[in-house]
Amino acid sequence: MDNNNVAYKIKSALNQNGEQTNRLMLVLRTPPCEYKQCIMCGFDNNAGENVRLQNIQRQYQNGITEENFSDIKRIDFPTAGSFYNDRELSIESRNYLFFEVSKLPVDTVMVETRIDYLTEEKVKESKRYLRKDQIIELAVGLESVDDIIRNKVLRKGLKKKGFEHFADICNNTNSQLLAYILIKSPTLSEAEAVEDAVRTADYVYRIANERGIKARVAFKPMFIPEGTELEEQYLSGEYKLPKLWTTVEIVKRTTKLASYQPNSIFVGMFDEDLSGDRFSSNCYKCNSEVVDALKIFNGTQDLSELERLSCECKTEWEQEVRGESK
Ligand SMILES: [Zn+2]
């Protein structure tokens, strides 16, 4: 375990305020998530023990080496657990990161946390280290608006009230909200997975619009991390990964909902370095084309690349979805 280097780092396209730009994501190596109950979470694989301020300083410095930030408008700091849990990432470490970000030409910094550790005071303290023109995006794994899916199937331990409180904190600290939405939780068919994700995005937009805050949704087509309960379900054949067409359909339908939150859709996962057969996929003929189209969409927020896609396997998917939804 190397505490002086980030768990991994990714540069990828996204759309920020109508502009195509890139994000630099530094996945910090921090102690394991204290909550640790979500059935699909493999972030323990990114965790380290006894991570101190000086380790975080080295992780950051090593992480930004060779980046000139001319085409990067945003920096993301996922951790193995919650950014605002003081026992996982110290106050000094957080303050260090925000102070360093204030020297970068980025306008947004994203951090992820469970609601249990988040307070307005903590966010306000963080903001003191940033420049006035920089904004914090607070990200949370909502996964599904359905209480049974979210808390019984996935065991997120997050009430809707908690999510709404999270949105209030965004409002009171002038922060942006980012909600992760999982595509195809266990027990859902492909057709149900479409409905679940679209309904969840609709809920996120409604909560944000009611408060007048800016929100984004990041869809995560399910993948299978090692050592998780989900992996057992997958290996036993009980769980089947979603087709990429399901994600394409969700993106198309969510775009129609996003009129008050333009440029707010992101599809994650394709740039994380995980074994290929444990990802959402279609067929070998169209996989890379569909993944590329989704990546392009992340930057442009324009559906035309997705509208053009076709393959024999799409007809099969359509039949499956139609059959299921009857
Ligand atoms: Zn295909």
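# Salt bridges and cores

Trainee: Which residues are linked in a network of salt bridges?

Mentor: Arg23, Arg74, Asp76, Glu137 and Arg216 are; a salt bridge here puts a side-chain nitrogen of Lys or Arg within 4 Å of a carboxyl oxygen of Asp or Glu. This is a predicted model, in which local features need pLDDT of at least 70 and side-chain atom pairs pLDDT 80 or more, while totals for chains, interfaces and linings use all residues. Residues are numbered from 1 along each chain as its sequence is written, and side-chain values use heavy atoms, without hydrogens and water.

Trainee: How many salt bridges does the structure hold?

Mentor: The count is 27. One of them joins Glu305 to Arg308, at 2.8 Å from N to O.

Trainee: Is Arg308 buried or exposed?

Mentor: Arg308 is exposed, at 58% relative accessible area, whereas Glu305 is partly exposed at 25%. Buried means under 20%, exposed over 50%, and partly exposed in between, using a 1.4 Å probe and protein chains only.

Trainee: Switching to the largest nonpolar core, which members touch the most others?

Mentor: Ile75, Phe77, Tyr84, Leu138 and Leu177, out of 79 residues. Helix α6, residues 190–211, gives the most to this core, with ten residues. Such a core is a set of buried Ala, Val, Leu, Ile, Met, Phe, Trp, Tyr and Cys residues joined through side-chain atoms within 4.5 Å; helices are DSSP runs of H or I, at least four residues, numbered from the N terminus.

How values were computed: Helix = DSSP H or I, 4+ residues; strand = E, 2+ residues; numbered from the N terminus.
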